Amino acid sequence: NIKMFQFYWIDSMARIANLSTVLDGAVAQASKSGDKMVVQIIIYDIPDRDCSAAASNGEILCENAACAQGIQTYQTKYIDP
């Protein structure tokens, strides 16, 4: 049975750098307790997402309706790393 859960909310590109630390901590915690751990990663920095409400960081913008550059930035600087 899984008894431990770890959630990591990635709402900006800056938080990607912390992902390995979060995963290392989850592995260490699971090893110490002997319990199985599930790590869930929430990806939230979607282009043009909620920019005016300030609920998300809104750091990836769409320059037009097609959003080609925004999607390219999202893929290469947010998802791929």
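Mentor: Start with burial. A residue is buried under 20% relative accessible area, exposed over 50%, and partly exposed in between (1.4 Å probe, protein chains only). I43 has a relative accessibility of 42%, so it counts as partly exposed.

Trainee: What kind of model is this, and how are residues numbered?

Mentor: The model is predicted: local features need pLDDT of at least 70, side-chain atom pairs count only at pLDDT 80 or more, and totals for chains, interfaces and linings use all residues. Residues are numbered from 1 along each chain as its sequence is written, and side-chain values use heavy atoms, with hydrogens and water left out.

Trainee: Now the helices. How many residues does helix α1 have?

Mentor: Helices here are DSSP runs (H or I, at least four residues), strands likewise (E, at least two), and both are numbered from the N terminus. Helix α1 covers residues 19-33 and has 15 residues. Its expected span is 1.5 Å times one less than its number of residues. That gives 21 Å, and α1 reaches 21 Å from its first C-alpha to its last.

Trainee: Which residues of α1 are buried?

Mentor: They are L19, V22, A26 and A30. These residues cover an arc of only 65° around the axis, so they lie on the same side of α1. The arc is taken from the directions from the helix axis to the C-beta atoms. On that side, the buried residues pack against β1 and β2.

Trainee: What does the face turned away from the buried side of α1 carry?

Mentor: It carries the exposed residues T21, D24, V27, S31 and K32. A28 also belongs to helix α1. At 45% relative accessibility, A28 counts as partly exposed. A28 and N64 are 36 residues apart along the chain, and 45 Å separates their C-alpha atoms.

Trainee: What about helix α2? How far apart are its end C-alpha atoms?

Mentor: They are 15 Å apart. Helix α2 takes in residues 68-79, and its 12 residues should span 16 Å, so the two values agree. The buried residues of α2 are G70, T73, Y74 and Y78. Their arc around the axis is only 105°, which puts them on the same side of α2. Their cover includes β1 (2-10) and β2.

Trainee: Next, strand β2. Is I42 buried, exposed or partly exposed?

Mentor: I42 is partly exposed, because its relative accessible area is 24%. I42 lies in β2, residues 36-43. Contact means heavy atoms within 4.5 Å. Leaving aside neighbours within four places in sequence, I42 is in contact with F7, Y8, W9 and I10. I42 and D11 are 31 residues apart in sequence, and their C-alpha atoms are 8.1 Å apart.

Trainee: Which residues make the nonpolar surface patch?

Mentor: L23, I41, I43 and I79 make it, with about 290 Å². Of these, I43 lies in strand β2. Patch residues have over 30% relative accessible area and no salt bridge; like charges are joined within 9 Å, nonpolar side chains (Val, Leu, Ile, Met, Phe, Trp, Tyr) within 5 Å. Areas come from the Shrake-Rupley method with a 1.4 Å probe, and for residues only the protein chains shown count as cover.

Trainee: On to the loops. Where is D45 found?

Mentor: D45 is in the loop between β2 and α2. Its relative accessible area is 2%, so D45 is buried. Beyond its neighbours within four places in sequence, D45 is in contact with I10, D11, S12, M13, G58, E59, I60, Y74 and Y78.

Trainee: How do I read backbone angles?

Mentor: Most residues other than glycine have a negative phi, and most peptide bonds are trans. C67 is not a glycine, yet its phi is positive, about 60°. C67 sits in the loop between β2 and α2. At 6% relative accessibility, C67 counts as buried.

Terms used: A salt bridge is a side-chain nitrogen of Lys or Arg within 4 Å of a carboxyl oxygen of Asp or Glu.
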